[in-house]
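Biologist: I would like to go through this model with you and ask, for each label, what value stands behind it. Could we begin with burial?

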Amino acid sequence: MSGAPTTDAGPRRPVLALVPMVFGHPVLAGLTLLSGLLAHGLGIAAAATTAWMVGEAVTGPGPTSLSTIFWMLVLLVVAAALARWWQMWVAHDLAYRLLATMRIRLFDGLERRAPGFLLGRRTGDLAGTVTADVETTEWFYAHTVIDYAVAALVAVGSTVVLAFFHPLPAVVVGVFLILLATVPVWLAGQADRQGRRLREELGVLGAEVVDGVQGMRELVTFGRGADYARRLRERTRTLQDRQLAYGRRSGIEQAVTDGLVSGGFTAVLVVTALLVAADDLSPATLPAVVILSVSAFGPVVDVTGTARALGQIRAASRRVFTVSRQRPAVSDAGTRAPEEPLTAHVKFEDVRFSYTPDAAPALDGATFEVRPGETVALVGHSGAGKSTCANLLLRFWDTQGGAVTIGGRDLRSLPQRHIRDLVTIVPQDVYLFNRSVKENIRLGRPDATDREVAEAAERARVAEFVGGLPDGYDTVCGERGAQLSGGQRQRVAIARALLRDRPILILDEAVSNLDAENEEALRAAVRTARQGRTTLLIAHRLSTIRSADRIVVLDKGRVAEQGTHDELVAANGAYARLLARQVGVTDENDASPRRS
Ligand SMILES: Nc1ncnc2c1ncn2[C@@H]1O[C@H](COP(=O)(O)OP(=O)(O)OP(=O)(O)O)[C@@H](O)[C@H]1O
């Protein structure tokens, strides 16, 4: 499969796509339907009993008979209330189970496309999809899908019974029911558009808030707090406008619904009264006709409230499905794990790769190798393709031309899981979770013992600074590891990699300047991590570059030069120029090429 990322716009009928998930829980779905029918049926029975009691009271039977009816009525009312409670219980049980499934599918979708898709979407927007959009679909599962079935069954049932008294009131009720059912369809296009714009704006607002909170230090440092607040106010106003537009349309739907219900009810009463006047219907049937009409309209009125939310449900579910149905960036189809362990020999052979079909190639025929146990430093200007090499070696994407191989096997023929067993990375922008130092290290191997974690920490020189932390290894690192310095975060990442203990290591060196002590500790940790491993080092500091066995200079996705530091300096080509321009800036401890 092509390495270029593809995005899926989500299903064309997202609400219908929500329905099959209900069938995954047939018992709960059946109970929700049953409890809904019971709640409405008992409600109708209570109303009919009331009518009967009124009739008995008017015709004046003995108090004994009335008290029997009264106790029957009490029983029915209590049973109807219990049935309604049971319906709410099972409907929400079903809904929350489905929401949990949906969230898991969302994470699966994100994982399939990581990191390509994540890079194209804002964190706050994605978080909004996982939380608010999924939550919106709760309306559908708890208050819509099965309620619609109940409403249809009760409405049709009541109308059929009504027809036994006289077909004309039944026809009137039927016509108004059909009109009511079509109300959400009249403005469906507008509801869809407005729902989409509303959910999108909610996503953007969420993304802006997360952006602002994460970048608060920069906003304060550069005195841009007021600008940010203004931006948030503008976005909030846009959201408000969209909510108002949505509310206006939904208000129209509500008014039309109310009008149809009142109109339908009045029409039935008028028709029934005319039939009674014309002696076509007995006056004694009047209460029954009224109750059956109320029963037919009641559940339909109940669901019209959620029908007005369909615009938002459609938009939210489309956003959810867009993520959960992501096709994987790379496919494991046709791959096979090797029978013998592979040699940790990495080769890039004429590799061509673009992130998107219309983008310039990030790698354009790159060829180099990292022999077993060797350390190769990848150097080059920003955008030369260094991180892309790391992405391809981890098989986050597949090459579009040429091949990346480990031990002679094309990575496209290896399952991703197998590649993760061979290769590990210490990234430049280390992500630490808001958990303890110990837990962050243990991410490298969750089943590692405390002793193994401590050993890895020792070798990665984490132990040196952990003593100074308030709770030692149990100190919580803060969000994104905010409690630690950049160098300390990298050392934790190296400890993770050491614990993971894979034969191939990608080390993406941090560009930021560290103090001398941190720098030395990090350098020592890197030296330890490289021992006995095939290492691809994305290097920025002259000291690190010089420590490599060989250096590969990338320029615009091609290998411009390769050799040892001394060979390349002597050649006075791309490497020498690069050092003169770039490395001298980032490396304050080392000499420029002229001094080397
Ligand atoms: N996820 C991505 N989606 C689209 N284009 C990308 C992506 N990542 C990198 N690129 C593009 O690919 C090219 C190579 O980028 P790459 O990150 O490999 O360079 P680099 O040498 O690692 O740069 P730096 O030293 O600044 O990290 C650049 O033009 C970059 O804009």
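Biologist: Why is valine 423 called buried?

Modeller: This is a predicted model, and within it valine 423 has 23 C-beta neighbours inside 10 Å; since a residue is buried if 20 or more other C-beta atoms lie within that distance, valine 423 counts as buried.

Biologist: Where does valine 423 lie, and with which residues is valine 423 in contact, leaving aside its neighbours within four places in sequence?

Modeller: Valine 423 belongs to strand E6, residues 423-426, and, with those neighbours set aside, is in contact with Leu393, Leu394, Arg502, Ile504 and Ile506. Arginine 500 is 77 residues away from valine 423 in sequence, yet the two C-alpha atoms are 9.5 Å apart in space.

Biologist: What makes aspartate 501 partly exposed?

Modeller: The count for aspartate 501 is 15 C-beta neighbours inside 10 Å, and because exposed requires 12 or fewer and buried 20 or more, aspartate 501 counts as partly exposed. Aspartate 501 sits in the loop between H18 and strand E7 (504-508), and its phi is near 55 degrees, a positive value in a residue other than glycine.

Biologist: What span does helix H6 have, and what does the record say about residues 145-165?

Modeller: Helix H6, residues 145-165, has 21 residues and reaches 31 Å from its first C-alpha to its last, close to the expected 30 Å. An unreviewed UniProt entry places the feature "transmembrane region" at several stretches, including residues 145-165 and 171-189. In the model, residues 145-165 are 100% helix and 0% strand, while residues 171-189 are 95% helix and 0% strand, with end C-alpha atoms 30 Å apart. Buried residues of H6 include Val145, Ile146, Val150, Val154 and Leu162.

Biologist: What makes a set of residues a nonpolar core, and which members of the largest one touch the most others?

Modeller: The members must be buried residues of nonpolar kinds, joined through C-beta atoms within 7 Å, and the largest such core has 75 residues, of which Leu378, Leu393, Ile494, Ala495 and Leu536 touch the most other members. Its largest share, 7 residues, comes from helix H18, residues 486-500. Apart from it lies another core, of 58 residues, with Ala80, Leu162, Leu202 and Tyr246 among them.

Biologist: Finally, which residues are closest to the ligand, and how does its shell divide?

Modeller: The ligand is surrounded by 12 residues, the closest being Tyr355, Ala362, Ser382, Ser387 and Thr388. The shell divides into 5 nonpolar, 6 polar and 1 charged, and helix H13 (residues 386-393) gives the most to it, with 3 residues.

Note on methods: Residues are numbered from 1 along each chain as its sequence is written. This is a predicted model: local features need pLDDT of at least 70, side-chain atom pairs count only at pLDDT 80 or more; totals for chains, interfaces and linings use all residues. Helices (H or I, at least four residues) and strands (E, at least two) are DSSP runs, numbered from the N terminus. The expected span of a helix is 1.5 Å times one less than its number of residues. A residue is near a molecule or strand if its C-beta atom, placed from the backbone, lies within 6 Å of it. Ala, Val, Leu, Ile, Met, Phe, Trp, Tyr, Cys and Pro count as nonpolar, Asp, Glu, Lys and Arg as charged, and the others, Gly among them, as polar. UniProt positions are given in the numbering used here, feature names are shortened, and annotations may be inferred rather than shown by experiment. Two residues are in contact if their C-beta atoms, placed from the backbone, lie within 7 Å.
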